[in-house]
Amino acid sequence: MPNVSMGTANSGWRGSRVVRYLLLLVLALVAMEYLFGSILDASVLRSIRHLHNDSQSSFYAMRFNWAKQMTKTTQDKNNEAESVTVNKTIDINIDNEATEKDNTIYLASRIEEGLTNKTIEKLISNTTEPPLPLCEESPSDLGPIMANKTELQLDYVETKYPEVDPGGLYAPPNCTARHRVAIIVPYRDREQHLAVFLNHIHPFLMKQQIEYGIFIVEQYGNKAFNRAKLMNVGFVESQKQKAGGWQCFIFHDIDLLPLDQRNLYHCPEQPRHMSALIDKFHYKLPYKDIFGGVSAMTVEQFTKVNGFSNKYWGWGGEDDDMFRRLNKMNYHLTRYDDLSIAKYAMLEHKPSVANPKRYQLLTQTSKILKSDGLSTLEYKLVKVTQHHLYTLIVANIDEPS
Ligand code: NGS
């Protein structure tokens, strides 16, 4: 009997011990779950917080830009050029500290796992601040500036202007820009000019509080230079790079540096010739109808005239051809009333080889306008690369088109 009672007492004691162990186990599980959950949450939050936060970090701008590029690339996986763009931007990112690298890997792996565009957009849209006020049409502190023509190393210039996003893209940080402007620069073998041009043009444009991108369009191969066809390529390719597209195009020789910030890089109602007065020509307009050097056209104006002619190989005439196209389509060339605003400095270079056919071509402009230009443009895109201060578009334009 005592054994029985002892047994009963023992089993009662054992029973309550089991209950206590069970309780402890449950508590431990709850604690582990709590901790485990927190760890998981924290890792996700750390990555997302990186997208949301940290406005002091200049890396933020790059990452944000990269995420935007990712969105774009997932929309068009067949476009090799855009993939190149993304790779380049990732290269820039992975130079940064380890945690940022982890976050890049995290985001990249999520994208590989098949994260949809929508989800990425959601991550991005969560970062969107309330809309900023509109920028001023013409900021009040603009005025004449000097041009530094001294030789510079491109690598050095590329280390300047951290406020510019990869690809030479910029939007004012404190206001919403009124103008979205693509600067199209035809290019070949002028690295010296490129460095001086970028060093001058970025601070000049930032001061005007516009949203802009610098597109250097390089001719591949050895055929005679075709400035006008490169402009057409720049127009088409830069539009592909910009969600919603650019509204205004400034076609810009690389050897011209604007000397007055009041020379606004916008597109007025009629096409504007910007580079009226150049130091090399003693600040005198060479002739009334000149449309070369730097000129501004809206998307509508440029497409209505079917872009530039593709037929001008070698120096001269292609800008006069554009002048005729504009007249033919009932546009008229404009300049600033106060011409002193339109002053430029020209960088030294060897004279280019003139196109002997240019005068003959000019006699045909109005007849062939519709069958020569954007509508018949043919080229092979060699590559598109985002450098810090510019997007480089290399194109083989050898096809006669
Ligand atoms: C004209 C050219 C234009 C050129 C302008 C100024 O003679 O293409 O000179 O050139 N027209 C013809 O040759 C038909 S500049 O001295 O600024 O390089 O833009």
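Since the model is predicted, local features need pLDDT of at least 70 and side-chain atom pairs count only at pLDDT 80 or more, while totals for chains, interfaces and linings use all residues. Residues are numbered from 1 along each chain as its sequence is written.

Strand β3 is a handy place to start. Helices and strands here are DSSP runs numbered from the N terminus (helices are H or I with at least four residues, strands are E with at least two), and two strands pair if DSSP finds at least two bridges between them. Strand β3 covers residues 211-219 and is mostly covered, with eight of its nine residues buried. Buried means that 20 or more other C-beta atoms, placed from the backbone, lie within 10 Å of the residue's own.

With strand β1 (residues 169-170), β3 pairs in the antiparallel sense over two bridges, and Y170 has Y212 as its bridge partner. With strand β2 (residues 180-187), β3 runs parallel, joined by eight bridges; here A182 is partnered by G213. Between β2 and β3 the chain passes through helix α7 (residues 191-207), and this β-α-β crossover is right-handed (with the strands pointing away from the viewer, the path from the first strand over the helix to the second runs clockwise). Then there is β11, which pairs with β3 in the parallel sense over five bridges, F215 having T391 as its bridge partner.

β11 (residues 391-396) also pairs with strand β10 (residues 380-386), this time antiparallel, through six bridges. L381 has A395 as its bridge partner.

Elsewhere, three strands form an open sheet in the order β5-β9-β7, and the pairing is mixed. β5 (256-258) and β7 (277-278) are the edge strands; each has a single partner strand, so one side of each is left without a neighbour in the sheet. β7 and strand β9 (residues 343-346) run parallel, with two bridges joining them, and L277 sits opposite K343.

As for the ligand, its shell consists of P286, I290, G292, G316, G317, D319, D320 and R358, where a residue is taken as near if its C-beta atom, placed from the backbone, lies within 6 Å. By type, the shell splits into two nonpolar, three polar and three charged residues. In this scheme Ala, Val, Leu, Ile, Met, Phe, Trp, Tyr, Cys and Pro are nonpolar, Asp, Glu, Lys and Arg are charged, and the others, Gly among them, are polar.

Notes. A residue is buried if 20 or more other C-beta atoms lie within 10 Å of its own, exposed if 12 or fewer, and partly exposed in between; C-beta atoms are placed from the backbone.
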